[in-house]
Amino acid sequence: MALHAAAPCNRGLRSGHSSSFPMACNGRRRIQVAASHSHLSSCSPLRAPRSRDCITAFAVTDDLPMDNSSLVVCFGEMLIDFVPTTSGLSLVEAPAFKKAPGGAPANVAVGIARLGGQSAFIGKVGEDEFGYLLADVLKKNNVNDRGLRFDSGARTALAFVTLRSDGEREFMFYRNPSADMLLEERELDFDLIRKAKIFHYGSISLIAEPCMSAHLAAAKAAKDAGVLLSYDPNLRLPLWPSAESARNGILSIWDAADIIKISEEEISFLTGGENPYDDNVVHKLFHPNLKLLLVTEGPNGCRYYTKEFSGRVAGLKVEPVDTTGAGDAFVAGILSQLAIDASLFEDEKRLREALRFANACGALTVTGRGAIPALPTRELVLNALVNAVV
């Protein structure tokens, strides 16, 4: 089913149409710095010279092992989270912050790699020290970064995250605009997208042009190539112009996804305040082409819905420190399993085992501060499951 954009073009950007996917072009000048495979063997992201123009840096990581048959390509934002070192305080009251790499799609990409899977990231960061830091994080975690781009005209996005006494979060974002919002369709690595087994994304990349058009073009290319589409809306209301625009934007691409992961809060938001624990309410969000709908319930685990069966898998009991990235770790856990064996959709017993693994990924992540720093390895997850108290 076609994807439809919800947000209009902004800042005077012109848009045209190809099929039902809106496309956009950007009036800024652009310099492309391309590194050919024959001239560069390093897997480090190429750092282009500083200028005011938009610079596309083609990072070359072909020396990293990649099994395309199980590759998960993650599209969207990568940023720096600043997390208070003391929980339960407001941003003003916090004595200090710990910087941690984050951004939901990037978290998923790193999470899959930590679990031993094959992943790649597509997105844009600023040509600044934080952008270089994030590029290094991908490299050090064996995430293929062929799709990473740099922009010298905008900074890497920042997010200050408050941790309440119960470990839950509140956000303050700095992105007006940030580099991730400026990714263009012409900067996409379509070859990488078409090689994926699963293409994963969120909704934040739908908020503004030109990233919205890049998102839609990438998803269309993946769908046309027979790639499974995985969608985690990752609702962040402060980033949208209004609650209505957020709801419309999130639902505009709903029917294209093969796999959707949502939270209880997102169910209530998308259904106008209905009970997220009522299966009849959840079924309203199950579209005809959907293979798997997952509902995360924090420490209580998750619910799963397919066309043939549904149920609940309990979570692992841990002492939470910071819930940042828990949902992304869960997504990484289940996608790492589905990328190897998509027939899990059809076998409830094995799907439940995979979801128990994913629940453990999420649980272990909340025991540390920051998203990417706290993501577990496969060994840690398996050890936790052996010693689990559910």
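On a 1 Å grid over the protein atoms alone, a cavity is defined as a set of points where a 1.4 Å probe fits but cannot get out. Grid points are joined across faces, edges and corners, and a volume is the space filled by probe spheres set on the points. By this criterion the structure contains three cavities of 30 Å³ or more. The structure is a predicted model, in which local features need pLDDT of at least 70 and side-chain atom pairs count only at pLDDT 80 or more, while totals for chains, interfaces and linings use all residues. Residues are numbered from 1 along each chain as its sequence is written, and side-chain values use heavy atoms, with hydrogens and water left out.

The largest cavity has a volume of about 70 Å³. Its lining consists of G76, E77, R175, D180, M181, I204, S205, I207, A208 and C211, where a lining residue has an atom within 4 Å of a point. Five of these residues are nonpolar, two are polar and three are charged. In this classification Ala, Val, Leu, Ile, Met, Phe, Trp, Tyr, Cys and Pro count as nonpolar, Asp, Glu, Lys and Arg as charged, and the others, Gly among them, as polar.

Pockets were also identified, a pocket being an open set of points with protein on both sides within 12 Å along at least five of seven lines. The second largest pocket has a volume of about 160 Å³. It is lined by L290, K291, T306, K307, E308, A342, F345 and E346, and this lining comprises three nonpolar, one polar and four charged residues.

Helices (H or I, at least four residues) and strands (E, at least two) are DSSP runs numbered from the N terminus. Burial is expressed as relative accessible area, with buried meaning under 20%, exposed over 50% and partly exposed in between (1.4 Å probe, protein chains only). Helix α1, residues 104-114, is mostly covered, since 10 of its 11 residues are buried. The buried residues of α1 are A104, P105, A106, N107, V108, A109, V110, G111, I112 and A113. Just after α1, G116 adopts a positive phi of about 95 degrees.

In helix α11, residues 378-386, the buried residues are V381, A384 and L385. These residues lie on the same side of α11 because they cover an arc of only 100 degrees around the axis, the arc being that of the directions from the helix axis to the C-beta atoms. The face turned away from this buried side carries the exposed residues E379 and V386. Helix α9 (348-365) is included in what covers the buried residues of α11.

E264 belongs to helix α6, residues 264-270. With a relative accessibility of 18%, E264 counts as buried. Contact is taken as heavy atoms within 4.5 Å; leaving aside neighbours within four places in sequence, E264 is in contact with P276, Y277, V295, T296, E297, G298 and R303. The C-alpha atoms of E264 and T296 are 6.8 Å apart, although the two residues are separated by 32 residues along the chain. The side chains of E264 and Y277 are joined by a polar contact of 2.4 Å. A polar contact is a pair of N or O atoms within 3.5 Å; within protein, one must be able to donate a hydrogen and the other to accept it, and residues adjacent in sequence count only if both atoms are side-chain atoms.

T271 is located in the loop between α6 and α7 (279-283), and at a relative accessible area of 15% T271 is buried. A polar atom of the T271 side chain lies 2.6 Å from the backbone oxygen of I267. Not counting residues up to four places away in sequence, T271 touches V281 and L285.

The peptide bond from N176 to P177 is cis, with omega near -10 degrees, and P177 lies in the loop between β11 (169-174) and α3 (190-194). A cis peptide bond also joins E209 and P210, with omega at about 5 degrees; P210 is placed in the loop between β12 (198-201) and α4 (211-224).

N142, although not a glycine, has a positive phi of about 60 degrees. This residue, N142, lies in the loop between α2 (129-140) and β9 (144-151) and is partly exposed, at 47% relative accessibility. N234, likewise not a glycine, has a positive phi of about 50 degrees. The loop between β13 (228-231) and α5 (243-252) holds N234, which counts as buried at 11% relative accessibility.
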